[in-house]
Amino acid sequence: MKRLAILLGGLLLAAANATGFAIGGAPFQQAEILDARAMPEIDGSTSILLTFDPKAAPRLDKLSAANIGKPLAVTLDGRTIASPTVDEPITTGTLTLTGGFTLPEAEALAKRISGKDPVPEEFED
């Protein structure tokens, strides 16, 4: 439990010294990310689902198409948080990051990446 508190404290400290989010060295602004959320998986791991706005999605598509078969570093504040190998172009404007995140880690990272809480799945009237 102490390790988790230290880790989360470190994430919050890093957020105060934020330098930005990048994929393959290409910076993406928080305003370009419509939603970022932690996604618990069936195997017990947690991933982070990112949804990009219509202007950023083509950049992600082009970046991924140019790197098929290669790892593409995803960094936050200069620290690599994932380095997935690109299997195919990302044409949907959504990116799922896996990396052995715990749910609290994924939630904290998602909020730091987008700068906001996840969009609710359902809106109340």
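Where does Pro-118 lie in this chain? Pro-118 is found in the segment after H3, and we will come back to it once the rest of the fold is in view. First, a word on what you are looking at. This is a predicted model, in which local features need pLDDT of at least 70 and side-chain atom pairs count only at pLDDT 80 or more, while totals for chains, interfaces and linings use all residues. Residues are numbered from 1 along each chain as its sequence is written, and side-chain values use heavy atoms, with hydrogens and water left out.

**The overall fold**

The protein chain has three helices and seven strands; these are DSSP runs numbered from the N terminus, with helices (H or I) of at least four residues and strands (E) of at least two. Along the sequence they follow the pattern α-β-β-β-β-α-β-β-β-α. Of the 125 residues, 34% count as buried, where buried means under 20% relative accessible area, exposed means over 50%, and partly exposed is in between (1.4 Å probe, protein chains only). Among contacts (heavy atoms within 4.5 Å) with a separation of 6 or more, 64% join residues 24 or more positions apart.

**A hairpin and its neighbours**

Strands E3 (residues 33–40) and E4 (residues 46–52) pair in the antiparallel sense over seven bridges; pairing requires that DSSP finds at least two bridges between two strands. Ala-36 stands opposite Leu-50 in E4. Five residues sit between the strands of this hairpin, and Gly-44 takes a positive phi near 95°.

Thr-46 belongs to strand E4. Apart from neighbours within four places in sequence, Thr-46 is in contact with residues including Ala-38, Phe-101, Leu-103 and Ala-106.

Pro-118 also meets this region: leaving aside neighbours within four places in sequence, its contacts are Asp-35, Ala-36 and Arg-37. The C-alpha atoms of Pro-118 and Asp-35 are separated by 5.7 Å, although the two residues are 83 residues apart along the chain.

Another residue to look for is Asp-77, in the loop between E5 and E6. Asp-77 is not a glycine, yet has a positive phi of about 55°.

| Residue | Relative accessibility | Class |
|---|---|---|
| Thr-46 | 5% | buried |
| Asp-77 | 18% | buried |
| Pro-118 | 40% | partly exposed |

**The nonpolar core**

A nonpolar core is a set of buried Ala, Val, Leu, Ile, Met, Phe, Trp, Tyr and Cys residues joined through side-chain atoms within 4.5 Å. The largest one has 26 residues, and Phe-21, Ile-23, Ile-48, Leu-50, Phe-52, Leu-95 and Leu-97 touch the most other members. Elements that each supply at least two residues of this core include E1 (21–23), helix H2 (57–65) and strand E7 (94–101). H3 gives the most, with four residues. Not counting residues up to four places away in sequence, Phe-21 touches Leu-50, Phe-52, Leu-76 and Ile-113, among others.

**The largest pocket**

Rolling a probe the size of a water molecule over the atoms shows where empty space is left. In this model, the largest pocket holds about 310 Å³ of space. A pocket is an open set of points on a 1 Å grid over the protein atoms alone, where a 1.4 Å probe fits, with protein on both sides within 12 Å along at least five of seven lines; lining residues have an atom within 4 Å of a point. Of the 17 lining residues, Pro-84, Thr-85, Ile-90, Leu-95 and Thr-96 are the closest to the centre of this pocket. E7 provides the largest share of the lining, five residues.

Terms used
Grid points are joined across faces, edges and corners, and a volume is the space filled by probe spheres set on the points.
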